[in-house]
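Hello,

Please open it first, and then read the notes below it.

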Amino acid sequence: MRITLRDIHKHYGNVHANDGINMEIDRGAIHGILGENGAGKSTLMKILAGYIQKTGGTILLDGRNADYSGTAQATRLGIGMLYQDPLDFPQLSVLENFMMGLSHGLYSKYSGYRNKLQDSCDFFGFNLDPDAPVHSLTVGERQQLELIRLLALGVQVLILDEPTTGISSVQKKILFKALRKLASKQKTILLVSHKLNDVETLCGRSTVLREGKVAGEMDQPFDTRTLLEWMFGAQPPPPARHEIKPGQVTLAMEKVSASGGRAGLRDCNITIRQGEVVGLVGLEGSGQGIFLRLAAGLEKPEKGTIRLNQKFMTGSNYHTFKSQGVTFLPTARLEEGLIPGLTIAEHFALHQKKSIIIPWEMSKRKADKGIALFKIVGTSSSTVESLSGGNQQRLLLALMPTDPYLLLLEQPTRGLDMESARWVWQQLISHADKGAGIIFSSSELEEILLVADRVLVFFNGTVVKNVKTRDTNLNELGRAIAGTV
Amino acid sequence: MQNFKQSFFNNVLLITGVLCLSTLILLFAGAPPVDAFKHLFLGSLGSWIKFTQVLMAWIPLTLCACGLVYTFRIGLWNIGVEGQVVAGAISATAILRMGVTSGMPELFLVFAFIGGLLGGGLWAVFAGFLKTKGGVNEIFAGLGLNFVAQAITLWLIFGPWKRPGIASMSGTEPFSSEMWLPTLSALRLSPSGLLLTIVALIGTGWVLGRTRLGLALKGIGKNPQAAYLHGLKPDIYMIFAMGLAGGCAGLAGTFQITGVYHRLIPAISSNYGYLALLVVMLANYRVWWTPGIAFFFACLNVGSIQLPMMLQLDSALSGIIQGTLVLGTLFMQAWQVKKKNE
């Protein structure tokens, strides 16, 4: 299907998320949509998928004016979208999820759908167990399921919103192969991303959005410099790599085992030194998540000991760890990290010295200072849910104690554009230079190789690789993640 | 301004809707609607005596509502407020009984209020422990404890505290009048009760708006997980909020004993706890809206006493008006959220 967007507008109050966008997407194309956070990519795609209503403009499908509202109608017209968080039913099985929206009537014949599911999986090289409950699947697998479900619904245009976030490089390869196959069958693919790499390897043409407008369009081969300039104005230099000067042991785990996540953690022996930046990688649920939470005191080990600065900490809770200078920043910023409904000033007030009456004036001053220092777009009376993802992360950093001892970060740059990610790392590394230990998980191997001194690879609940970043490479890490050390 | 206009318009719409529905019900029942509304109004605000009766209902209702604002703020449904009123009333009665022979009635009156505060507070803290340590939902814990409190009341009235000679549903032996909360001579209005309620209102507003405790309650109510990461202990604050709510409810129970009934009766709470839940919901969980709404509800309650006398109507009409108002408001709120999201 050929898609023409004419003068698309979307207003949220005074904010123009989309400000007169014109675009043309050919049949059978893999078209990239690039842009930093808040550029309007997701809004535009959600309009196309019928998820939100446009304020103005026209959408033409194969040259015909298409006026639709709601995702069901869009699906009927052949447009389907794969959201960043797959919209599935975790308690149901793969097969039942697949049948969702496909089967009609009271009685569904399972075997027919079972064959259909198997055929699709075989076609794309996916390996999904039809009877496994969806909550046992990785994000990548859930994505695969959603993809074949949409195709079974007869979708001709497939929109993918940041599909490579949170999936392994192996799964990424499988996904890209599947997308190429689809394009060769004349399906139209729209790939929303802020990862230049993905767009460069997959897309034939890409459009860059900036501040709700089209900043430019380019065909393969792409000129990275120009694309970056369209996205950010000027090209950001890579974050400064800091020199490691090994200090004292901050965190030591001895034979620690715990359950949680998919694989739990077994017999973990790790020491982290002051000033060290350590990256954790692995397929989702391989043990890196539970490792961070154990190190923060948010989970308790079943066996083994945890020491912090020589102190025995096994079994203590997060508040005790916190009093020793440990800070944990979760990946789900709005769900776990910040309190929606509270303003920036109120967040600062929570962190102020214990007093019965809140010194609002001081909290506001501190908030204003933090806003200025951390370049947060917002005011002290903005509620945190009104901030963009990048600004929420900046706020979390601004709330951190100024002299942390150990920082534990879950995917600290998830969903951030390059400029914000670079800035976040500048802040974090400045803490490491002052002697703080930093442990972070990330699904971006490039990021880990760039900023970490050491990398731990988790596979099925154990650390299978513990190596200095300068002694390893993408290839080696990729193999370790897949379990072939 | 736009917002204010919108909410004003919505409220007018809501009140019109509730009036229409009540009229319909009255017509169904074969009663003249205009007369019914007239009696409701005159029965509550028609004279100074009636007005003071309304205030005497307003006091315990507002005290309960004050307490509920704390628990709603931290995201708890304190259905147990009813039992907390009863627990406060029982504690107050126990203390007053000790004071009967003391010769210092004023002192024991003060003790009664302190005891009521503690009794209601502890009753609520118990539900709070069940919630935080035992994993029992506070709605079920509260509801269960309501029945227990009610059963204890009946046991006391028919057992240890029964009237000399004959136990009766009409309650325990009334206290002598020097142990009553003093009232204005001509009117049945207790200035000290009124003062206590106003202090409770202002105190609640101050705690929630200005103190660290208020901010902590709000933060935990909105996101307990994140609040924990920011250094707050949700469990302890939940128990604390329950204690405050129970304390306020206990004061309401004490007022029922010392200011209204002067004895323990089976229905000592007058259902003010449940009614206060509606008040706070209608107030959209804001402290400063509760006194006005509580006053309106008190008017309906007192005014509806006239209906059976004047029109041979059941006094349940006030309950219907209150219920439809709350349902209508909740519907409007949900509808607005939906509209905003679209």
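Here is what was found, going from the whole chains to a few local details.

This is a predicted model, in which local features need pLDDT of at least 70 and side-chain atom pairs count only at pLDDT 80 or more, while totals for chains, interfaces and linings use all residues. Residues are numbered from 1 along each chain as its sequence is written, and chains are lettered from A and ligands numbered from 1 in the order in which they are written.

Let me begin with chain A. It holds 17 helices and 20 strands; helices (H or I, at least four residues) and strands (E, at least two) are DSSP runs, numbered from the N terminus. The radius of gyration of chain A is 24 Å, close to the 23 Å from the globule rule for 485 residues, so chain A is as compact as a globular protein of that length. That radius is taken over C-alpha atoms, and the rule is 2.2 Å times the number of residues to the power 0.38. A box of roughly 70 × 50 × 45 Å along the principal axes is filled by the C-alpha atoms of chain A.

Of the 485 residues of chain A, 45% count as buried. Buried means that 20 or more other C-beta atoms, placed from the backbone, lie within 10 Å of the residue's own. Helix α14 (residues 389–399) of chain A is mostly covered, with ten of its eleven residues buried. Among them are Gly390(A), Arg394(A) and Leu399(A). The cover over the buried residues of α14(A) includes α11 (333–337), α13 (360–373) and β16 (326–329) of chain A.

Strands β9 (residues 205–210) and β10 (residues 213–219) of chain A pair in the antiparallel sense over six bridges; pairing requires at least two bridges found by DSSP. Arg210(A) has Lys213(A) in β10(A) as its bridge partner. Two residues lie between the strands of this hairpin, and Glu211(A) takes a positive phi near 50°.

Now for chain B, which has 14 helices and zero strands. Its radius of gyration is 21 Å, close to the 20 Å that the globule rule gives for 342 residues, so chain B is as compact as a globular protein of that length. The C-alpha trace of chain B spans about 65 × 60 × 30 Å along its principal axes, and 47% of its 342 residues count as buried.

How do α2(B) and α3(B) cross, and at roughly what angle? The axes of helix α2 (residues 33–45) and helix α3 (residues 48–73) of chain B come within 5 Å and cross at roughly 85°. Axes are lines fitted to C-alpha atoms, for helices over the stretch in contact, and angles run from 0 to 180 degrees between N-to-C directions. That makes α2(B) roughly perpendicular to α3(B), a label for angles of 65 to 115 degrees. Gly43(B), Ser44(B) and Leu45(B) in α2(B) meet Lys50(B), Phe51(B) and Val54(B) in α3(B).

Finally, the two chains touch. Here 15 residues of chain B are in contact with 19 residues of chain A, contact meaning C-beta atoms, placed from the backbone, within 7 Å. On the chain B side, the elements giving two or more residues are α8 (212–222) and α9 (224–229).

Enjoy exploring!

Definitions and conventions:
Buried ≥ 20, exposed ≤ 12 C-beta atoms within 10 Å, placed from the backbone. Contact = placed C-beta atoms within 7 Å. Parallel < 35°, antiparallel > 145°, perpendicular 65-115°, else oblique.
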